[in-house]
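Visitor: Could you pick one part of this model and take me through it closely? I'd like to hear how it sits among its neighbours, with the cut-offs spelled out as you go.

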Amino acid sequence: MSSTTTLVEPDVLTEVPEALKRLVRYASRGFYSTEHAIIIDMLVHHPCIKEDDLCELIKFERKALRGLINTLKTDKFVKSKVRIETTSEGKQSHHSYYFINYSSFVNVVKYKLDHIRRKIETEERESTSRASFKCPDCLNTYTDLEADQLFDMATGKFLCTFCRCEVEEEASSLPRKDARTLMVKFNEQLEPLFSLLREVEDIKLAPSLLEPEPVDLKTIRCALVRFSRGEEICEPSLCLVLQER
Ligand SMILES: [Zn+2]
């Protein structure tokens with residue numbers, strides 16, 4: 001290979017693909033509250049939004065917003081960056097900007113799904129091995145798998161192996177069916193999610209999407225006015241925002 005090979009890999013995406021956006025929206029609705037999903041919708045639309053703008057757009061109180069965002073940050077679904085801004089009077093202030101953590105997001109979804117699957121499997125196993133026969137005398141319990149050991153040929157009854165008392169069938173063997181239904185439901189209902197996960201499996205996002213530039217909506221609005229007048233916009237992150245409109 002020649003040394004002049006371009007450094008930019010051809011399969012690196014400079015735009016978030018539709019499948020990934022859909023996955024983000026779907027996952028936010030599946031795993032979080034409606035309020036979280038509203039925030040995520042905003043972050044899909046505005047790649048790196050200022051906290052002030054987010055509060056204004058969705059009409060949430062700052063304290064509530066931060067609580068919701070913190071959950072998403074802890075789950076590695078959302079990331080933040082702080083920018084120090086100087087007003088025209090020379091006053092400095094810190095401003096938080098939020099963006100979707102696309103680099104870890106897919107793994108977060110996989111982890112959550114895996115967690116649910118394991119919970120269902122455990123439930124399934126526990127309900128399968130749950131006692132379904134009980135001796136009324138010594139209170140010893142037996143699973144339905146042990147039923148053949150309890151069966152007494154002579155009497156045709158199920159007898160306790162300790163005290164030979166006739167065992168009673170327990171109602172707790174019922175959830176067994178429920179757990180299986182749950183796994184079927186899990187697989188069926190989440191199929192769109194699995195399908196989207198397969199779609200985004202090997203995608204690579206450009207650094208500009210993984211660590212997007214902070215965008216102040218006031219700046220966008222000013223730029224929009226200039227853009228509509230046909231003036232040139234030199235900030236690359238703004239160009240992207242404007243193209244999306
Ligand atoms: Zn017994």
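Guide: Let's call two residues in contact if their C-beta atoms, placed from the backbone, lie within 7 Å. Helices (H or I, at least four residues) and strands (E, at least two) are DSSP runs, numbered from the N terminus. Bear in mind that this is a predicted model, where local features need pLDDT of at least 70 and side-chain atom pairs count only at pLDDT 80 or more, while totals for chains, interfaces and linings use all residues. Residues are numbered from 1 along each chain as its sequence is written.

The part I'd pick is helix α1, residues 18–31. For context, the chain has eleven helices and ten strands. Of its contacts with a separation of 6 or more, 60% join residues 24 or more positions apart.

Start with the α8 side, where α8 spans residues 191–199. From α1 come Ala19, Arg22, Leu23, Tyr26, Ala27 and Gly30, and they meet Pro192, Leu193, Leu196, Leu197 and Glu199 of α8. Sorted by class, that makes eight nonpolar, one polar and two charged residues (nonpolar means Ala, Val, Leu, Ile, Met, Phe, Trp, Tyr, Cys and Pro; charged means Asp, Glu, Lys and Arg; the others, Gly among them, are polar).

What about the geometry? Two packed helices are described by the angle between their axes and the distance between the axes. Axes here are lines fitted to C-alpha atoms, for helices over the stretch in contact, and angles run from 0 to 180 degrees between N-to-C directions. α1 and α8 pack at about 145 degrees with their axes 9 Å apart.

Now look at α1 against α2, residues 34–45. These two axes come within 8 Å and cross at roughly 165 degrees, so α1 and α2 are roughly antiparallel. (Under 35 degrees counts as roughly parallel, over 145 as roughly antiparallel, 65 to 115 as roughly perpendicular, and the rest as oblique.) The α1/α2 crossing is right-handed. Lys21, Val24, Arg25, Ser28 and Arg29 are the α1 residues in this contact, and α2 brings His36, Ala37, Ile40, Asp41 and Val44. The class count for α1 with α2 is four nonpolar, two polar and four charged.

Leaving aside residues up to four places away in sequence, valine 24 touches Ile40, Val44, Ile100 and Phe105. Val24 also turns up in the largest nonpolar core, which has 26 residues; Leu23, Val24, Leu43, Ile49, Val78, Tyr98 and Ile100 touch the most other members. At least two residues of this core come from each of α1, α2, α4 (62–74), β4 (92–100) and α5. By nonpolar core I mean a set of buried Ala, Val, Leu, Ile, Met, Phe, Trp, Tyr and Cys residues joined through C-beta atoms within 7 Å. Buried, in turn, takes 20 or more other C-beta atoms within 10 Å of a residue's own, with 12 or fewer for exposed and partly exposed in between, again with C-beta atoms placed from the backbone. In soluble globular proteins, nonpolar side chains tend to be buried together. Across the 245 residues of the chain, 16% count as buried.

The α2/α3 crossing is right-handed. Ile38, Ile39 and Met42 of α2 meet Leu54, Leu57 and Ile58 of α3, and this contact has six nonpolar residues, no polar and no charged.

Finally, a look at α5, which runs over residues 102–128 and holds lysine 119. Lysine 119 is exposed because it has 12 C-beta neighbours inside 10 Å. Lysine 119 and methionine 183 lie 64 residues apart in sequence, with 9.9 Å between their C-alpha atoms.

Conventions: Left-handed = near helix turned anticlockwise from the far one by under 90°.
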